Amino acid sequence: MWQYHFIKLVSKLVCLLPYSVILLLGKWAGGLYYLLAKKQVNRALETIKECLGLDEVQARKIIYSMCQKLGKTFLEVLYIPNLNKENIQQFVKIEHPEYLHQALAKGRGVVALAAHISNWEWLGAALALNNFPLTSMVKRQPNEQHTRILTEYREMTGIETFLSGTNDIIAAARALKKGKVLGFIADQDAGPEGIFVPFLGKMASTPAGPAFFAKKFKAPIVPMFIVRCPEGGHKIIMQPAFYYEDTGNEAADMLAITAKMVKVTEDV
């Protein structure tokens, strides 16, 4: 319990700071993480060299920049209580929101395809604060107190959350039937029960959830990713909707739609 209260205290202190100061502190904290997290840095180094074909100097430059941005993202998550409908446009711009509006107009709900790119927590917050009826399948954190805080902050912005691997899947189905957006951060390892498709040159176990819901409810899939802008803040990049194609061969169709979603993520 102490971790929950400690993080909430830090969050309150962060919320007192100007956003520009948060970015500077996050950049510094991320740089420190790069120096301390040798195991994670070495793993990233080998992966980038293998999958992207870059040399060690180029790979380390990317990893250092990534760590700095991760530090910014961490403090931005603690800053979420300061976000609201009046100020969200100052922090996050949405490109081509019409893609999501058009998909919602179909009346079948929308499967939102996202990934752990930039500040994915602000992706959901921005959509909800812009009055999109957002719900999300989320994975329980290893630390239950972290799960509690993230759930609290997500719901604070208007996101309805469902825990994957629980009976919440029924509530998620109901949300789609009501015409809401069901979001998936779909770039996590799904283990032996996942659908194996190529990702950056390797076979990767991919969650079947997005494909399952798109198939079950004939819901459009709208890719959406948030990226950090060099001048500060973020922008959400939305892409046109696509659909599960039923050829009568369910196994092949699930594989095809999952491969398509992974390719979209890979390109981004």
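Two rings of Phe, Tyr or Trp (its six-membered ring) are taken as an aromatic pair if their centres lie within 6.5 Å, with planes under 30 degrees apart called stacked, over 60 edge-to-face and the rest tilted. By this criterion, the structure holds 9 aromatic pairs. One of them joins Y19 and Y79 in a tilted arrangement, at 6.0 Å centre to centre and 40 degrees between the planes. This pair links distant parts of the chain, 60 residues apart: Y19 belongs to helix α2 (residues 19–36), while Y79 sits in the loop between α4 (56–78) and α5 (88–91). Helices here are DSSP runs (H or I, at least four residues), numbered from the N terminus.

The model is predicted, so local features need pLDDT of at least 70 and side-chain atom pairs count only at pLDDT 80 or more, whereas totals for chains, interfaces and linings use all residues. Residues are numbered from 1 along each chain as its sequence is written, and side-chain values use heavy atoms, leaving out hydrogens and water.

The rings of Y19 and F91 form an edge-to-face pair, because their planes stand at 75 degrees with centres 5.0 Å apart. Since Y19 lies in helix α2 and F91 in helix α5, this pair ties together parts that are 72 residues apart in sequence. Both of these residues, Y19 and F91, are buried. Together with Y79 and W122, they form one aromatic cluster.

A ring also meets a charge: the charged end of R148 sits over the ring of Y4, 3.6 Å from its centre (the criterion being NZ of Lys or CZ of Arg within 6 Å of the ring centre and within 35 degrees of the ring normal).

Definitions and conventions. Helix = DSSP H or I, 4+ residues; strand = E, 2+ residues; numbered from the N terminus. Buried < 20%, exposed > 50% of the residue type's maximum accessible area, 1.4 Å probe, protein only.
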